[in-house]
Amino acid sequence: MEAAQTQWVRVHPLVVRITHWINAFAILIMVASGWRIYNASPLFPFRIPNELTLGGWLAGALQWHFAAMWLLVLNGIVYVTYGAVSGHFRRKFFPLTPGAVFHDVREALRGKLAHEDLSVYNAAQRAAYLAIILCLVVLVFSGLAIWKPVQFQEIAGIMGGYEGARFLHFGAMALLVLIVLVHVVMVILVPRTFPTMFTGRARRAS
Amino acid sequence: MKKRTMETSLANHSGALIRSIERRLFLKQSLSLGALALLSGCELTDDEDVQSVLMGMSSWNDRVQGWLFNPNKLAPEYPESAITRPFPFNAYYGEDEVRLVDGKSYKLELSGQIREKKPWTLPELYALPQTSQITRHICIEGWSAIGKWSGVRFSDFLARIGADTTAKYIGFECADDYTTSIDMATALHPQTLLTFRFADQILPPKYGFPMKLRMPTKLGFKNPKHITAMEVTNEYPGGYWEDQGYNWYSGS
């Protein structure tokens, strides 16, 4: 029999923890190098401060971007396959209704969203994490359209061609960065969630 | 005098302490340097190990792009109304430094695995069957522009000069000291044209007089202007930007 003083609850499976940190690393490289590439020919009347970018110059940034894309995509395939096959997505992200998302986001903004059982995502989390997955899927496909606007012209076509894909790529990046910022702020506000992404478990709330 | 005495005594009595302080300082400096390197992508990119990984990935991406290249897939073509006017000038130098090539004395030199290496004059090249295309020029910087180019289909020209199309590369040298090279599959693509006209006019100097190799399946910098010599070879020729770290294949 197990000792009853501390009860642990499994929060994150090992595959999710590993792919989460690889994903975080890959996204950091993709965004920082992508900002440098953006600066070579900005779509909007602003540039990203070079101090925040990776690569030193356009050629360096492109090397980082087209190296890290493999990490991002291969890691993403592992995560999505695991999530779909193991039932992880079904268990953790659903059911999900707009009403529940609206309710939980409002509660979170008022600082009143209870979060006792870390193994269960609230509706705001479910929506945020699904949105991140969706953003990444859009980023990968718009990225393919920009990288290969001739070979993958069918993909570029549904995005309004090469130039349309550039705007979509930027928009999905901006939304992703925004959600990740909120995500990091929430971890700072609820710090006991942080170690669970390494250990995978949390003390059961009594 | 007094200072030296002090130094000597310090050295005598606290050598170990100084060494330990120095070590600590060195460690501190290394740590700050490490943090700086992490913060500054430039330094990280300059690191030799990082650089070799990045170059290795770039070569891997060359191979992947070769596999992705479909020799029968055509780049989209556009109506005359879609042409970007004015079409942007782009080179590794400013527009005021554009090289002027003398059309009368001009000759295109051929070398490498080619049967007929006789140089070509402009009237001889203009006399070849010509075709046109209106395609999107995409710069590695991200911007794009649509232009109209006319000239001889490059695969026809290669057949005419008896080029060994089983060779891997074609390298180009240009009057502005620019160099680049392409893979044979792209050279034989039906939309790869050796062009002499832009928007139905003889190529002006800023767009590459007397000729530009136009490939809508490659990024802009792979399309050499002012070509003076070409070589068919199995030895990797590199190129002006490619040698500085830009991806060699750079296909679209």
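This briefing describes the two chains of a predicted model, their contact, and a few individual residues. Chain A has eight helices and two strands, whereas chain B has six helices and nine strands. Where the two chains meet, 26 residues of chain B and 24 residues of chain A take part.

**Chain A: overall build**

- Read from the N terminus, the elements of chain A follow the order β-α-α-α-α-α-α-α-α-β, and the C-alpha atoms of the chain occupy a box of roughly 60 × 35 × 35 Å along the principal axes.
- Chain A has 206 residues, of which 28% are classed as buried.

**Chain A: the crossing of α4 and α5**

- Helix α4 (residues 98–109) and helix α5 (residues 123–147) of chain A have axes that come within 7 Å of each other and cross at roughly 105 degrees; α4(A) is therefore roughly perpendicular to α5(A).
- On the α4(A) side, the residues that meet α5(A) are Ala100(A), Val101(A), His103(A), Asp104(A), Val105(A) and Ala108(A), while α5(A) contributes Ala123(A), Ala124(A) and Ala127(A).
- Sorted by class, this contact between α4(A) and α5(A) consists of seven nonpolar residues, one polar and one charged.

**Nonpolar cores**

- The largest nonpolar core comprises 36 residues, and within it Met30(A), Ala68(A) and Ala165(A) have the most contacts.
- At least two residues of this core come from each of α1 (14–40), α2 (58–86), α5 and α7 (161–189) of chain A, with α2(A) giving the largest share, nine residues.
- Apart from its neighbours within four places in sequence, Met30(A) makes contact with His65(A), Ala68(A), Met69(A) and Leu72(A).
- A second, separate core has 28 residues, among them Ile170(B), Phe172(B), Cys174(B) and Val232(B).

**Chain B: overall build and sheet**

- Of the 252 residues in chain B, 33% are buried, and residues 24 or more positions apart provide 68% of the contacts in this chain that have a separation of 6 or more.
- An open sheet of four strands in chain B is arranged in the order β1-β9-β4-β5, with mixed pairing.
- The edges of this sheet are formed by β1 (109–112) and β5 (179–183) of chain B, each of which pairs on one side only, and from one strand to the next the twist averages 20 degrees.
- Strand β1(B) runs parallel to β9 (residues 227–233) of chain B, and four bridges join the two; across this pairing, Glu109(B) stands opposite Ala229(B) in β9(B).

**The side of chain B that touches chain A**

- The contact between the chains draws on 26 residues from chain B and 24 from chain A, and on the chain B side the elements that give two or more residues are α2 (41–46), α3 (48–68) and β2 (131–138).
- Of these elements, α3(B) supplies the largest share of that side, five residues.
- By class, the side of chain B that touches chain A is made up of 11 nonpolar, 12 polar and three charged residues.

**Two residues of chain B in their surroundings**

- Thr131(B) lies in strand β2 of chain B, and it counts as partly exposed because 14 C-beta neighbours fall inside 10 Å.
- Ile161(B) is placed in the loop between α5 (154–160) and β4 (169–174) of chain B, and it counts as partly exposed because it has 17 C-beta neighbours inside 10 Å.
- Setting aside neighbours within four places in sequence, Ile161(B) is in contact with Leu110(B), Ile114(B), Arg115(B) and Glu116(B).
- From Ile161(B) to Gly245(B) the C-alpha to C-alpha distance is 32 Å, and the two are 84 residues apart in sequence.

Technical notes:
Residues numbered from 1 in each chain as written. Chains lettered and ligands numbered in written order. Predicted model: local features only at pLDDT ≥ 70, side-chain atom pairs only at ≥ 80, totals over all residues. Buried ≥ 20, exposed ≤ 12 C-beta atoms within 10 Å, placed from the backbone. Contact = placed C-beta atoms within 7 Å. Nonpolar A, V, L, I, M, F, W, Y, C, P; charged D, E, K, R; others polar. Axes fitted to C-alpha atoms, helices over the stretch in contact; angles between N-to-C directions. Parallel < 35°, antiparallel > 145°, perpendicular 65-115°, else oblique. Core = buried A, V, L, I, M, F, W, Y, C linked by C-beta atoms within 7 Å. Pairing = 2+ DSSP bridges.
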